[in-house]
Amino acid sequence: MDKLAVLIPAYNEEQTIEKVVKDVLSATENISGTVVYVYDNNSKDKTSELALAVGAVVRHEYAQGKGAVIRRMFREIDAEAYIMIDADDTYPVEAIPEMYQKIVSRGVDMVVGDRLSSTYFEQNTRPFHNIGNSSVRGLINFLFKTDIKDILTGYRAFSFRFVKTFPVLSRGFEIETEMSIHATEKKMLVENQVIEYRDRPEGSESKLDTYGDGIRVMKAVVNLYRSYHPFAFYGLLALITFAISMIMFISRVWLPFSHTGIVANMPTLVVSMILLVIAVLAFFAGAILNAIQVNEKRNFELELIKADNRMHDLKK
């Protein structure tokens, strides 16, 4: 079992991978038992060879996508603490020791490298990325009642119990959103750590699709809210559908009937009743799913105990 596992997902990062691995090894030289893992995700350049040459343990994930890489890393590696950092040389490795200490000394489950509270908006030259980061942060903090300062950052530290109980469901860049919401919903201890951010060096290209990945992130937020808060989600759907049904019924059926005694808008009556049935079904669906979710939360607490016991066994 490693003391500290530094996880670096990489795809076509030959321009920066050497420097990142060297910097990480230098920053962690006082943390004995540190291993730097580079997981190559079908790179077409010399990313793997360069990382191996400077002291990293190189492994491969052939299913494309950052989520697939993280799933592989979390399954394969056992460590007391984990640091995940991007291979593009945009994050300061000097923050690693402090992030590591928060995990091992204070029992924090996830430390979030907060770019948005420092230099991100000055360094990042892609305006839609700035708008997207702020929008996603605001939406998630509102919906899930949390205070994570940077939802989409790729610089994080994790505890063993987080890594071994986190279900990786997505394959793409929405994985960071999943991590943030999972930690919040499972009542894990999360702390923000302000870090300096620098944009990619000239010639290094981002793999993030601003619009495509942005849509996937927003879709993930909606799906996760539905999963973690089914009664609120389906209750709102029921309320909206019920309101539309009543407006249609009263304005187009009941009021004319009260004056003429004749139901003149039979199609409207049928539609309003169908919407009423949908509202009732949505309400009870939310209630049932909420009961299931409560039971899943109880089971998750037992999984945490199992993860803690497993870590103790591995450390012996």
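**Figure 1. Interface between domain 1 and domain 2 in the predicted model.** About 1,100 Å² of area is buried between domain 1 and domain 2, and carbon and sulfur atoms give 62% of this area. Phe 160, Arg 161 and Lys 186 supply 47% of the area that domain 1 buries against domain 2, more than any other three residues. Eleven residues of domain 1 are in contact with twelve residues of domain 2. Two salt bridges are found across the interface of domain 1 and domain 2.

**Figure 2. Division of the chain into two parts, domain 1 and domain 2.** Domain 1 comprises residues 2-208, and domain 2 comprises residues 229-315. The centres of domain 1 and domain 2, taken over C-alpha atoms, are separated by 37 Å.

**Figure 3. Salt bridge between Asp 78 and Arg 310.** The side chains of Asp 78 and Arg 310 meet with an N to O distance of 3.3 Å. In the structure as a whole, 17 salt bridges are present.

**Figure 4. Salt bridge between Asp 89 and Lys 19.** The side chains of Asp 89 and Lys 19 meet at 3.4 Å, N to O. This pair links distant parts of the chain, the two residues being 70 residues apart. Asp 89 lies in the loop between β4 (79-84) and α4 (96-106), whereas Lys 19 belongs to helix α1 (residues 17-27).

**Figure 5. Packing of helix α3 against helix α8.** Helix α3 spans residues 66-76 and helix α8 spans residues 175-185; the two pack at an angle of about 55°, with their axes 9 Å apart. This angle makes α3 oblique to α8. On the α3 side, the contact is made by Lys 66, Gly 67, Ile 70 and Phe 74. On the α8 side, Ile 175, Glu 176 and Met 179 take part. By class, the contact of α3 with α8 has four nonpolar, one polar and two charged residues.

Conventions: Residues numbered from 1 in each chain as written. Predicted model: local features only at pLDDT ≥ 70, side-chain atom pairs only at ≥ 80, totals over all residues. Heavy atoms only, no water. Axes fitted to C-alpha atoms, helices over the stretch in contact; angles between N-to-C directions. Helix = DSSP H or I, 4+ residues; strand = E, 2+ residues; numbered from the N terminus. Parallel < 35°, antiparallel > 145°, perpendicular 65-115°, else oblique. Contact = heavy atoms within 4.5 Å. Nonpolar A, V, L, I, M, F, W, Y, C, P; charged D, E, K, R; others polar. Domains from an automatic or database assignment. Buried area = accessible area lost by both parts, 1.4 Å probe. Salt bridge = Lys/Arg side-chain N within 4 Å of Asp/Glu carboxyl O.
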